[in-house]
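The entries follow the order of the searches.

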Amino acid sequence: MAKASKKNTIKLKFDSARKLAPAPESKAGAKIDPQYDLFINGKFEKPTSKKYFASINPATEEKLSMIAEANQADVNKAVKAARGAYDKNWKKMPPAERAKYIYRIARMVQERAREFAIIETLDGGKPIRESRDFDVPTAANHFFYYAGWADKLEYAFPNRTTSPLGVAGQIIPWNFPLLMAAWKIAPALACGNTVVLKPAENTSLTALKLAEIIQEADLPPGVVNIITGAGSTGAAIVNHPDVNKIAFTGSTDVGKIIQRAIAGTDKKATLELGGKAANIIFDDAPLDQAVEGVINGIFFNQGHVCCAGSRLYVQESVFKEVVRKLKDRLETLIVGDPMDKNTDIGAINSREQLNIINNYIKIGQKEGAEMYQSSADLPKKGFYCRPTIFTNVAQSNRIAQEEIFGPVLAIQSFRTDDEVIEKANNTPYGLSAGVWTDKGSKIFNLTTKLRAGVIWANTFNKFDPTSPFGGYKESGYGREGGLHGLNTYVNVV
Ligand code: ADP
C-alpha cells in the first residue's frame, strides 16, 4: 500500500510539471521604442550610415524594434568621444567619485530590474525566470562589486602603481546581453578607462536600455558609448588605432580574426571564446543532485552558455541509472514561451542558431550515436528545439568535440580517473568543467589535472562577481571577474 502511494505521488508530480497553467509575465512592465539610435558622447544620435536593422523576438518571430547600424564614421565618432572623455575627465577624476557613478548605475539597474528582465527575454528568448533571477541581478552585482574596487586599487595591487589603459573597445555576444555588458563596462570604468561597447546584433535592446540609465546617471558624456551593428561594426572597433584594449566574448572563429587583427599592435586583449565543458559523474556522487546539475548545465537557457556542460562522462557502474534519470527528468522540462514563469527551456536565439543545432543533431545521428529527445510539444511559431541527449558517442564524434551552443548533450561512460581526465581534456577547448563525487580527494585530483578555467564541484554554472572566469586553449585568454578582472584594465608597474 505504502509503495503504491509513493509511485502515484511521483507520477502526479511529473504530470503536473507538464500541465501547469500558463503563468505569463506581463509585457506591460517594459517599454520598447520602435527605433533605437547610437549612444555616443552622452546622446542618442542617428547613424551616419542611415541604416537600421530589425531586432526580432525569437519566441514569436515578431519584430520588436529597429536598431541603428554603426559604420566606420560612427565608430570613429564613438572612439573620439571616449578618448575625449578619458583625457579631459575620467582618468583625472578622483577614484571615489568614479565609484559613485558606478554605484548609481548599479542601483538604477536594480530599480529597473523587472523592465530589464522582460526586455532580455523578449529580445533573446531566454526564460523570464533566468533573466529575472540570474541575468539582471548578477549584472547589478557586477556594477556594485567593481564600484567597490574603484578607490581601492592600491589594495588590489599592493606596492604597485596602476594606471588605466585608455579607451576599451568591448564586443559582446547574444547569450547574456545585459550581464556581458555589465561584466565588461564595470571593471573598465572602475579602473579609469572609457568605453565603446557593441552588443550582438540580435540582442541590442538591454544594452541600449543600459545606455538610457547611463545617461540618467549623468555619467560624463563619452565615458561610455554604446553603438550597435553587426560584425563589420565590431571589426571597425577592433581595427581602430585609438583603441587601447579589446575585450571580446564570442565565437572562437571571430576570436581568431581579432587576434590576427591586433597582432603587432600594442592593443591589449581579453578573449572569452567557445567551450565544450565536461560534466563528470563518479559512482559515489549524489546522483539525483548530479542529474539536476547536468540538466541545469546544458538544458536551462537552451544550452546558450559558453561554459554549458555539453559533454557528460558517467562512471560505468552508474551509467544506466544516470541515463534513465536524465531521460525521466527531460520529460518533465517545460519547453515553450520564454515569458511564462514556469518555462525551463525558452526559444533558441535565432533561426541561424536553430539551423546550426538541428544540423548537429543530424550529424550525431549520422555518426551512429543514439538519440533521445523529450516528447515536449513545441510552439508552432518561433525557434525551438527539444532537449536532446546522445548516448553511444565516440570521443572523436563531432558532437563530442565541437561547440553546438544548444540543448544537446553527448554522454559517454568511463572507468577510471585517468581515463576520464584524458577524455575530458581531449577537445580544443578549456573553459569549464564539473565534477560530481562524494570524495574531496577526487575533486582535488581532477581540478588539478583538468585543463579548464573554471571547475565546479558538486554544482554547475554558478557565477559570482568575485570569481574570475576565462579559458585555456581555444577558449581564449585573460580572466574576467574578481581581482583578475581588474588586472586586465590597468597597466601595473
Ligand atoms: P556567436 O557565434 O556567439 O554569434 P560571434 O563571435 O559571431 O558569436 O559574435 C560575437 C560578437 O562579435 C557579436 O557582437 C558580433 O557582432 C561580433 N563580431 C562578429 N564578427 C566580428 C569581427 N570580424 N570583428 C569583431 N567583432 C565581430
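I sorted the lining of the largest cavity by class and found eight nonpolar, four polar and three charged residues. Here Ala, Val, Leu, Ile, Met, Phe, Trp, Tyr, Cys and Pro count as nonpolar, Asp, Glu, Lys and Arg as charged, and the others, Gly among them, as polar. I note that the model is predicted: local features need pLDDT of at least 70, side-chain atom pairs count only at pLDDT 80 or more, and totals for chains, interfaces and linings use all residues. Residues are numbered from 1 along each chain as its sequence is written, and side-chain values use heavy atoms, with hydrogens and water left out.

Points are joined across faces, edges and corners, and a volume is the space filled by probe spheres set on them. I counted five cavities of 30 Å³ or more. The largest cavity holds about 90 Å³. Among its 15 lining residues, Arg311, Ala424, Ser432, Arg451 and Ala452 are the closest to its centre. Two elements, α15 (417-425) and β17 (432-436), each give two or more residues to this lining; helices (H or I, at least four residues) and strands (E, at least two) are DSSP runs, numbered from the N terminus.

Of the 42 lining residues, Phe248, Gly250, Ser251, Thr252 and Val254 are the closest to the centre. Helix α10 (252-262) gives the largest share of the lining, seven residues. By class I found 21 nonpolar, 13 polar and eight charged residues.

Where does the ligand sit? I found it in the largest pocket, by the rule that more than half of its atoms lie within 2 Å of the grid points. Of the 16 residues around the ligand (a heavy atom within 4 Å), Ile172, Trp174, Lys198, Glu201 and Ser251 come nearest. I recorded polar contacts (N or O pairs within 3.5 Å) from oxygen atoms of the ligand to the side chains of Trp174 at 2.9 Å, Glu201 at 2.7 Å and Ser251 at 2.6 Å.

Key. 1 Å grid on protein atoms, 1.4 Å probe; cavity = no way out; pocket = protein on both sides within 12 Å on 5 of 7 lines; lining within 4 Å. Polar contact = N/O pair within 3.5 Å; in protein donor to acceptor, adjacent residues only side chain to side chain.
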